[in-house]
Amino acid sequence: MKVTVKKDIESGTLVEIHCKEVTVETERLQRYISRFDERITGTSNGQTHNIEISRILYIESVDKKTFLYTSGSVYQADKRLYELEELLDEKTFFRCSKSVIVNLDKIKSLRPEVTRNIRATMENDEVIVISRRYAAALKKLIGLEG
Amino acid sequence: MEDLKRLLVLFRNALAFSFAWLVLCVALVSLFGDGNLTAQFLLKVFALCAWGSVSFVFSFFTNFMKKKGFIFCLTVFFLLFIPVEVLMFYFMGIFVGVGTPAMWMLLGGLIAISYVGCILIDVFVMRRRAKEYTAKLMEYKTHTLTKP
């Protein structure tokens, strides 16, 4: 893959992908670039923040409120969990229970349990439980089955 | 609030299930035994089931405990329930009679075997699988997430 940078527009950044045909790799590259600097709005202590998606460890819905967890901070999102699920990249953010979406990129280790749940230890050592209902989907996604 | 409701439902289900089974067992034993079944005895059975259900729901279904892992949950459940179970069995007069030491040993043995079995599965099967799962996740992260 050849990468070139040209300084020929007035403001902002424009990325174009040139290819012979659109493959899975090309689509993945497009998705990666378009979500490179994507942010979600969240409030904490009355202040509104634009949180980089890549900083989010997991998203949890509690009593119809949605919370975004980064290492060290918790923000309340203005969107519902299912709305965020649609917005986020399904290859990075995985629905791991009825009320939690986890960022797979921030998982440090996985530990299956006798109960068929999977315990995921995050980068900040917090533990997220992937319920057995969603464990099969995760195994398929990371290539453990099928 | 939602969580408390879910826990109460689980408690109700566990209590209904365990009490129904124990009442059936007690009724069968009494049918083929001396034929005595008192309300006081059934109340003790109910109290045992209620404590068992509380311990079970607390140990395996609360968010705090779920994050601790199965062996930890099982240990907490055993610590909460077994002393009360032994005491209740004693007060209920279940292990009174000629076969008492053997029956106590049978109870202890069953508990110990199931506990040791779980620990062995955890050590020899789950730890190996954990390494496999983590390796696969890292592979996935390298190929799908980090690099476009």
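Author: Reading from the N terminus, the elements of chain A go α-β-β-β-β-β-α-β-β-β-β-β-α. That comes to three helices and 10 strands, where helices (H or I, at least four residues) and strands (E, at least two) are DSSP runs numbered from the N terminus. Keep in mind that this is a predicted model, in which local features need pLDDT of at least 70 and side-chain atom pairs count only at pLDDT 80 or more, while totals for chains, interfaces and linings use all residues. As for bookkeeping, residues are numbered from 1 along each chain as its sequence is written, chains are lettered from A and ligands numbered from 1 in the order in which they are written, and side-chain values use heavy atoms, with hydrogens and water left out.

Let's start with the seven-stranded sheet. Its order is S2-S1-S5-S4-S3-S7-S6 in chain A; the sheet is open and the pairing is antiparallel. Its edges are strand S2 (47-52) and strand S6 (93-97) of chain A; each has a single partner strand, so one side of each has no neighbour in the sheet. On average, neighbouring strands here are turned by 35° against each other, direction ignored. Those angles are taken between axes, which are lines fitted to C-alpha atoms (for helices, over the stretch in contact), and they run from 0 to 180 degrees between N-to-C directions. As for pairing, two strands count as paired if DSSP finds at least two bridges between them. In general, strands of a sheet pair through backbone hydrogen bonds, either parallel or antiparallel.

Now zoom in on S3(A), residues 56-62. This strand is mostly covered, with five of its seven residues buried. Buried means under 20% relative accessible area, exposed means over 50%, and partly exposed is in between (1.4 Å probe, protein chains only). For chain A as a whole, 39% of the 146 residues count as buried.

On one hand, S3(A) pairs with strand S4 (residues 65-70) of chain A, in the antiparallel sense over six bridges. Ile56(A) is opposite Thr70(A) in S4(A). The two strands make a hairpin with two residues between them, and in the turn Asp63(A) has a positive phi of about 50°. S3(A) also runs antiparallel to strand S7 (residues 100-103) of chain A, joined by three bridges. There, Tyr58(A) has Val102(A) in S7(A) as its bridge partner.

Out at the S2 end, strand S1 (residues 39-44) of chain A runs antiparallel to S2(A), with six bridges joining them. Gly42(A) has its bridge partner in S2(A), namely His49(A).

There's a three-stranded sheet as well. It is open, has the order S8-S9-S10 in chain A, and its pairing is antiparallel. Strand S8 (107-112) and strand S10 (127-130) of chain A are the edge strands, each pairing on one side only. From one strand to the next, the twist averages 25°. S8(A) and strand S9 (residues 118-122) of chain A run antiparallel and are joined by five bridges, with Leu110(A) standing opposite Ala120(A) in S9(A).

Helix H3 (residues 132-142) of chain A lies across S8, S9 and S10 of chain A, at about 95° to S10(A). Arg132(A) is found in this helix and is partly exposed, with a relative accessible area of 46%. Setting aside neighbours within four places in sequence, Arg132(A) is in contact with Thr115(A), Arg116(A) and Asn117(A); contact means heavy atoms within 4.5 Å.

Helix H1 (residues 24-34) of chain A has Thr26(A), Arg28(A) and Leu29(A) as its buried residues. Down the axis of H1(A), these residues fall within an arc of 160°, so they line one face of the helix; the arc is that of the directions from the helix axis to the C-beta atoms. The face turned away from that buried side carries the exposed residues Val24(A) and Ser34(A).

Finally, the neighbouring chain. In chain A, 28 residues are in contact with 27 residues of chain B. The area buried between them is about 2600 Å², with 62% given by carbon and sulfur atoms; buried area is the accessible area (1.4 Å probe) that two parts lose on being put together, summed over both. One salt bridge is counted between the chains, a salt bridge being a side-chain nitrogen of Lys or Arg within 4 Å of a carboxyl oxygen of Asp or Glu. Arg111(A) forms a salt bridge with Asp122(B), the closest N and O atoms being 3.2 Å apart.
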